[in-house]
Amino acid sequence: MLKGKKIVIGVTGSIAAYKAAILVRLLVKQCAEVQVVMTPSSREFITPLTLSTLSGRPVLCDFFNSGSGEWHSHVELGLWADAMIIAPATAATIGKMAGGIADNLLVTTYLSMKAPVFVAPAMDLDMFAHPSTQHNLQVLRSYGNHIIEPAAGELASHLCGKGRMEEPENIVAALKDFFLAANSLAGKRILITAGPTYEKIDPVRFIGNYSSGKMGFALAAECAARGADVTLVAGPVSLKTPHAAIKRVDVESAEEMYKAATEAFPSCDAAILCAAVADYRPATRADKKIKRTGEGMTIELEANKDIAAALGRQKSAEQRLVGFALETNDGETNAREKLAKKNLDFIVLNSLADKGAGFAYDTNKVSIISNEGVTEYPLKSKLEVARDIISHLSRLLLVAVMLLLPSAVMASGEELNAKVTLNRSKVQSADSEVFEQLQDGITQFLNERKWTVNSYEEHERIDCTFGFVVENYSPDGSFTCSLMVQATRPVYGSTYNTTTFKYEDKAITFTYQPFDRLDFNEDNLDNNLTAVLAFYAYMIIGFDMDSMGDLGGSEWLNKALNIANNAQTLGDAGWRASSSDNNRYSIIDDYMNGALEPVRKLMHKYHRFGLDVMYKNAANGRKAVGECMTMLKQAYDDRSLSYFPKLFLEYKNDELLNIYSQGSIKERMDVQKIVTTIDASLSTSWEKLADDHTNQL
Ligand code: CTP
């Protein structure tokens with residue numbers, strides 16, 4: 001993801017400057033090109049030699065080299081970079097950046113920077129909390145800079161609080177997220193409605209509302225920045241179009257907005273309905289200004305059309321629809337009603353009861369509500385809220401594409417990034433060339449074959465390992481192997497990878513001779529090795545897609561089931577349908593049994609609403625994981641013979657222990673009870689966790 005990216009790292013005079021060394025090393029390890037720029041005072045904290053050694057480039061600190069007179073061009077750096085990260089950023093540098101005080105090379109580089117800028121503040125808690133620092137950060141945010149919030153913890157002053165520079169690993173994760181997001185909507189068409197509508201009473205008066213349009217415009221800017229083709233239907237607002245690529249349609253009334261939106265929607269991939277549309281308009285509109293009579297007057301109103309509901313009816317399976325709910329009371333209940341009534345994919349709730357949220361503010365506090373659950377976000381600038389909403393939408397669109405891409409658009413990407421190992425320590429006398437060829441053949445077969453009709457980018461390929469242990473081999477080419485298959489997927493917004501599938505296949509028998517072509521036809525299975533490999537390829541993709549969308553993996557899991565059915569004729573023990581051990585046949589047969597549908601749905605909730613959310617809001621993520629565990633228990637109670645609840649725990653137990661090393665004792669105990677009921681052998685690890693908890697108290 002960061003390979004070849006050109007990154008300027010600005011280092012300022014903070015005790016956290018030593019973390020810049022780790023940051024440089026992490027980026028270089030990811031094959032990024034790093035140029036360090038230091039402020040004069042930062043040299044008191046870390047030497048230029050350290051940073052130039054790690055980055056492999058001379059560090060820049062002064063405007064020119066006093067020996068050679070060579071000029072260090074900040075303008076060229078500004079054009080060269082794909083991103084600039086200022087880490088650590090002191091209060092002084094943040095102030096200079098906000099105020100344009102260009103008295104060192106770092107600030108001049110910042111002012112010349114054409115690429116996105118990330119700022120990771122590091123300072124004492126009182127300095128960070130000071131209104132002046134907060135104001136400066138707000139100014140930087142309003143310029144579109146990305147502030148990587150400091151963490152809370154012990155500070156150099158030995159005080160505890162917010163001000164500790166975010167860990168380098170998380171800064172790299174934020175950068176990766178950014179680059180991932182940058183093109184995440186390329187080729188997508190997005191319709192956005194924004195602002196109020198005015199419903200004319202007479203030529204000089206109207207019924208309107210306080211909507212400023214800022215939220216909708218921020219959403220449009222974010223979509224355009226991610227490469228989308230945006231149509232912005234704007235009610236009467238006094239805002240400039242925030243991005244040159246946005247197609248803006250100005251309207252005044254709800255009727256005009258309805259016409260513009262329903263015309264644009266059929267060719268769009270998604271619509272975000274952010275406008276505060278007037279629900280009613282005057283039944284008649286006076287041609288001339290209504291004169292004061294001194295008497296009271298009544299204006300009869302008639303209903304406007306509901307744009308969101310109309311698009312909800314019009315929506316195709318591939319299209320996504322997002323609405324907003326601004327509520328004064330019973331927020332979640334009202335929002336859920338609107339979600340269902342208007343056929344939305346998710347709704348963004350903002351409550352007028354929250355301070356800093358609503359029409360007049362530049363900040364907003366929202367929750368995203370869908371049928372899968374609720375994600376709450378803290379108070380943020382409307383620009384940052386727009387980023388959160390669009391990240392959510394772009395993930396939904398990615399799933400939509402993956403699930404629905406017609407086979408006609410076959411692309412050339414590959415799905416698996418499989419690492420194959422062939423351990424032959426148990427058969428030492430064997431000819432090593434045969435094994436090397438076999439290992440290469442399997443690697444090629446898994447990685448170069450097109451398993452789906454989808455188009456995968458390099459970073460979307462599923463990382464997986466196939467660890468074979470050769471148990472028996474005879475020179476006539478017959479093999480018996482055991483195999484450990486494991487697939488992982490990165491957790492959104494973090495550097496953590498989670499296991500989405502893991503299974504140990506006890507024994508696979510097959511024959512292989514050097515130069516055998518590994519080939520496979522799913523309707524005519526004649527080779528047990530390729531049948532097994534194809535089976536696991538489809539399992540990995542199916543489990544991965546189940547984690548992306550509710551039952552999203554059906555197509556590929558059905559292919560795995562098909563192989564298991566057809567493979568009955570191959571005579572290998574692992575396929576035997578009548579077998580009671582947990583062989584290949586029984587795991588897929590079990591997983592695809594309709595009765596296990598709730599468990600398949602759990603895969604989606606656990607990954608997208610548990611782990612993905614955990615990074616930003618641990619309590620919310622843990623809550624969703626807890627709900628998944630209750631679902632798992634329910635499935636176990638309903639189908640105690642099913643292998644899946646046990647299999648799931650087998651590869652998720654360490655992760656669960658990790659999750660529940662945080663949070664309340666009650667949360668841990670509830671999950672411990674479920675886990676150990678399903679698999680008693682895991683009780684030791686949970687008892688140890690409980691002991692660790694007790695020792696900490
Ligand atoms: N909306 C719309 N057209 C309308 C009214 C609302 O497109 N005529 C959209 C808004 O843009 C928003 C969502 O519907 O995305 C919810 O708007 P809201 O005004 O809260 O919903 P109403 O159905 O009008 O309900 P309420 O009675 O709360 O006004």
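The structure is a predicted model, in which local features need pLDDT of at least 70 and side-chain atom pairs count only at pLDDT 80 or more, while totals for chains, interfaces and linings use all residues. Residues are numbered from 1 along each chain as its sequence is written, and side-chain values use heavy atoms, with hydrogens and water left out.

**Helix pair**

Helices (H or I, at least four residues) and strands (E, at least two) are DSSP runs numbered from the N terminus. The axes of helix H15 (residues 528–548) and helix H17 (residues 584–591) come within 12 Å and cross at roughly 25 degrees, where axes are lines fitted to C-alpha atoms over the stretch in contact and angles run from 0 to 180 degrees between N-to-C directions. H15 and H17 are therefore roughly parallel to each other, a class for angles under 35 degrees, with over 145 counting as roughly antiparallel, 65 to 115 as roughly perpendicular and the rest as oblique. Contact, meaning heavy atoms within 4.5 Å, is made by Val532, Phe535, Tyr536, Met539, Phe543 and Asp546 of H15 and by Arg584, Ile587, Ile588 and Tyr591 of H17.

**Aromatic pairs**

Rings of Phe, Tyr and Trp (its six-membered ring) pair if their centres lie within 6.5 Å, with planes under 30 degrees apart counting as stacked, over 60 as edge-to-face and the rest as tilted. By this rule there are 22 aromatic pairs, including the two tabulated here.

| Pair | Centre distance | Plane angle | Class |
|---|---|---|---|
| Phe118 and Phe178 | 5.4 Å | 85 degrees | edge-to-face |
| Tyr473 and Phe479 | 4.8 Å | 55 degrees | tilted |

Because Phe118 lies in strand S4 (residues 117–121) and Phe178 in helix H8 (residues 168–182), their pair ties together parts that are 60 residues apart in sequence. Buried means under 20% relative accessible area, exposed over 50% and partly exposed in between (1.4 Å probe, protein chains only). Phe118 is buried at 3% relative accessibility, whereas Phe178 is partly exposed at 22%; Tyr473 counts as buried at 19%, as does Phe479 at 2%.

Ring pairs also link a cluster whose members include Phe501, Tyr503, Trp575, Tyr606 and Tyr651.

**Surroundings of H4**

In helix H4 (residues 91–99), the buried residues are Ala91, Thr93, Ile94, Gly95, Met97 and Ala98. Among the elements that cover these buried residues are strand S3 (83–89), helix H5 (105–112) and helix H7 (131–142). Gly100, which follows H4, has a positive phi near 70 degrees.
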